[in-house]
Each structure stands twice: as structure tokens, then as C-alpha cells.
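Dear colleague,

Please find below the sequence and structure that I am handing over to you. My notes on what was found follow directly after.

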Amino acid sequence: MAFCFRTIGVHLIKTSKGEIMKILIYGTGGVGGFFGAKLAQTKHQVTMIARGEHLRAIQENGITIKSITGNFTVHPYVVTDNLEAIDTPDLVIFGIKSWQLSKAIKDILQYTNEDTLFLPLQNGANNTEQLNEVVSKTQVLSGLCRMISYIESPGVISNPDIAPSLLFGEQDNTRTERVETILHVFKEAGINAAIPENIQVAIWQKFLFITTVSAIGGLTRVPIGIMRNNKYIKELMLKTAEEIYAVARAKEIHLPEDTIEKAFAAIARQAPDTTASTQRDLMEGKPSELENFNGYIIKEGKKRNVATPINEMIYELLIPQEELARKQ
């Protein structure tokens, strides 16, 4: 499906220091905190939404990044938990969980305008679709990131493995002036960013990888090194990936034939003690992205008559815990 985009968004502000973009980081955890901090090192006006002790620590001491790509501390333009305190942003980058996205966009809508662009970076395959339901498709970009990062302590983001990278683009994959402008801003910040030939394929490639390991990790409660070395668990991951691949192809997402092979090559490269964020949420009894991962594959499979028995088994084993976590 192709969309026709009019030229909106990214209206840069002319100042004596050059062109300034107003960027809002909605969710200052491992993803939003890292990329927001990188952007805050530039001349651009970066506002971060954070909560609790993390918010207070950043307000008092700035946000500290401890990364394999380099350590630094920076003070963003504004850090707040009050949306009324923000300037109307040119670009909103969502660093929250996929299950939080629908509420977040509704909460922020009155503080944006028709020129604001929205870029989701969370795990999951339907983040763009969720945003399209609330705002004009012309204002929604598609994106993903590849990294391992988390809040180590209030005000401190740790990125101990995998040098962060970011892919994004228009929903119809055209190279518009606005995405080129945003790419330039990301490059200014030293972010390893790119506009792929097909952003939907890139999203589903990551989605297949992360969904293959996350919920099974939540069930086994062991790191990836143990899972990949166990013959039975590895076979279970393979069957999970095959179902995801089949659903993607049924949705006319043209994943390359070697997608599963490359996913397992990536699994083999992970540090042996690596755990996925959704796995950690499941193990800690927190609300997770189970519904947006395996649950989404089950629903899409049923719509397209694609059998997903392995994903369904994993989902049904974990959903009682997920429901309990959400009640609490």
C-alpha cells in the first residue's frame, strides 16, 4: 500500500546559531534516553518526558550515558513529566513500550499540531498502524532501533552491548526532504542512522528476531547463551520464527529468503548472558510486550489462515502471568 505525502513537518527554527529542530523524547528509558541524550549534545532543542526518581535525577544532574560507544553526561533543554511544559515539537520520538503507544499518542495529541511528525522506535510490527489510527498517516514515520540498553540507575542509561543503530523512513519508502532533514540531524548527533530501501521489511526482520527469543526467554528464564545451546529450545525458537515468517509473507511483507538464517546468526553473535527487554519484564512480573509480539502473530495468522501453533502455545502459557501483572 502506498500513501501520497504532502510536505509537512520538520519546520526548523532560524536562530543566530543556525536551524534548530524541536524534538520531544516521549519515554526516557534505554532507547529514548540514549538517543535523546545524543541529540541533546547538538544545538537542537531536546525535551524529555520522564518519571519518578529518573526524572528528578536527570533534572538535577543531567542524563548520563554509559555506552560501549563512549560515556558522557548532558543536560537536555527540558526534562519533565508535565506535557503542558513542552513546546510544540517538530518531531516526537517514542521510546516507550509498544503496549503503551496507543495511550501515549492520545495523551500528547493536544500538545502537537498538524506539522508534528511522529517516529516510533519500540519493538513490534504494528506501531505505525497504531499511530495511523489516531493521527494522519502523513504525520507518521516508521522506524526501529537495534541496541541493548536500559536504565542502570536513576539518570543513568547503560548500553553494555551492541553499538546502537537506528533505521527509519516514510511509510511508502520515498526519500522525502523531511526524512533527509531528520537523517542529517541524527548524523549531527553522532547517531548511526540510515533510511533503508524498505522500512517495513527492516521492521519485520527485527520483529522476527526479537519475537523469536523474547517470550521463550520469559518461559525458560535463562539468557540467550543457554537457550541457543539447548537443542530442544533452539528448535522451538526455529519453529516460532518460521511461523512469523509465514505471517509476514501472507501480509505481503517481502522478507528475504535468508531472513531466518540471518536471525539465528544474530542470535549466535549475542553475548551469552544477554536477555531481551520483554524477557526481563516477564521474569520481573511486569507488564510486557507479549500481546504485541506473539499475540499479534496469532491474530494476524488467523486473519490470513496461517497456522501459528507454537506462538499460540507460548502466548497461552504466559498470558495468565501477563494479566496478573497488568492488574497489579
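Leaving aside neighbours within four places in sequence, Phe35 is in contact (heavy atoms within 4.5 Å) with Leu121, Cys145, Met147, Pro164, Ser165, Leu166 and Ile191. Phe35 belongs to helix H1, which covers residues 30-40; here and below, helices (H or I, at least four residues) and strands (E, at least two) are DSSP runs numbered from the N terminus. With a relative accessibility of 1%, Phe35 counts as buried. On this scale buried means under 20% relative accessible area, exposed means over 50%, and partly exposed lies in between, with a 1.4 Å probe and protein chains only. Between the C-alpha atoms of Phe35 and Leu91, which are 56 residues apart along the chain, the separation is 13 Å.

Please note that this is a predicted model, in which local features need pLDDT of at least 70 and side-chain atom pairs count only at pLDDT 80 or more, while totals for chains, interfaces and linings use all residues. Residues are numbered from 1 along each chain as its sequence is written, and side-chain values use heavy atoms, with hydrogens and water left out.

Thr116 sits in the loop that runs between helix H3 (101-108) and strand S9 (117-120). Its relative accessible area is 0%, so Thr116 is buried. Apart from neighbours within four places in sequence, the contacts of Thr116 are Thr88, Pro89, Asp90, Val92 and Gln139.

Overall fold

The protein has twelve helices and twelve strands. Its radius of gyration is 19 Å, close to the 20 Å given by the globule rule for 328 residues, so the protein is as compact as a globular protein of that length. The radius is taken over C-alpha atoms, and the rule is 2.2 Å times the number of residues to the power 0.38. The C-alpha trace spans about 60 × 45 × 35 Å along its principal axes.

Of the 328 residues, 57% count as buried. Among contacts between residues at least 6 apart in sequence, 72% join residues at least 24 apart. The protein exposes about 14,700 Å², of which carbon and sulfur atoms supply 50%; accessible areas come from the Shrake-Rupley method with a 1.4 Å probe, and for residues only the protein chains shown count as cover.

Charges and salt bridges

The protein carries 35 positive and 37 negative charges, whose mean positions are 2 Å apart. In this count Lys and Arg are positive and Asp and Glu negative, with His and the chain ends not counted; the place of a charge is NZ of Lys, CZ of Arg, CG of Asp or CD of Glu.

The structure holds 14 salt bridges, each being a side-chain nitrogen of Lys or Arg within 4 Å of a carboxyl oxygen of Asp or Glu. Three of them may be of interest to you:

- Arg56 pairs with Glu53, with 2.8 Å between the closest N and O atoms. Both residues lie in helix H2 (residues 52-61), three residues apart, which is about one turn of the helix. Arg56 is partly exposed, at 39% relative accessibility.
- Lys299 pairs with Glu291, the closest N and O atoms being 3.4 Å apart. Lys299 is partly exposed, with a relative accessible area of 47%, and Glu291 is likewise partly exposed, at 28%.
- Arg304 pairs with Glu300, with 2.7 Å between the closest N and O atoms. Arg304 is partly exposed at 32% relative accessible area, whereas Glu300 is buried at 5%. Salt bridges that share partners join Lys251, Glu300, Lys303 and Arg304 into one network.

Backbone angles

Ile162 is not a glycine, yet has a positive phi of about 65°. Ile162 is part of strand S11 (residues 156-169) and is partly exposed, at 27% relative accessibility. Arg221, also a residue other than glycine, has a positive phi near 60°. Arg221 lies in the loop between helix H6 (199-220) and helix H7 (224-229), and counts as partly exposed at 41% relative accessibility.

With kind regards
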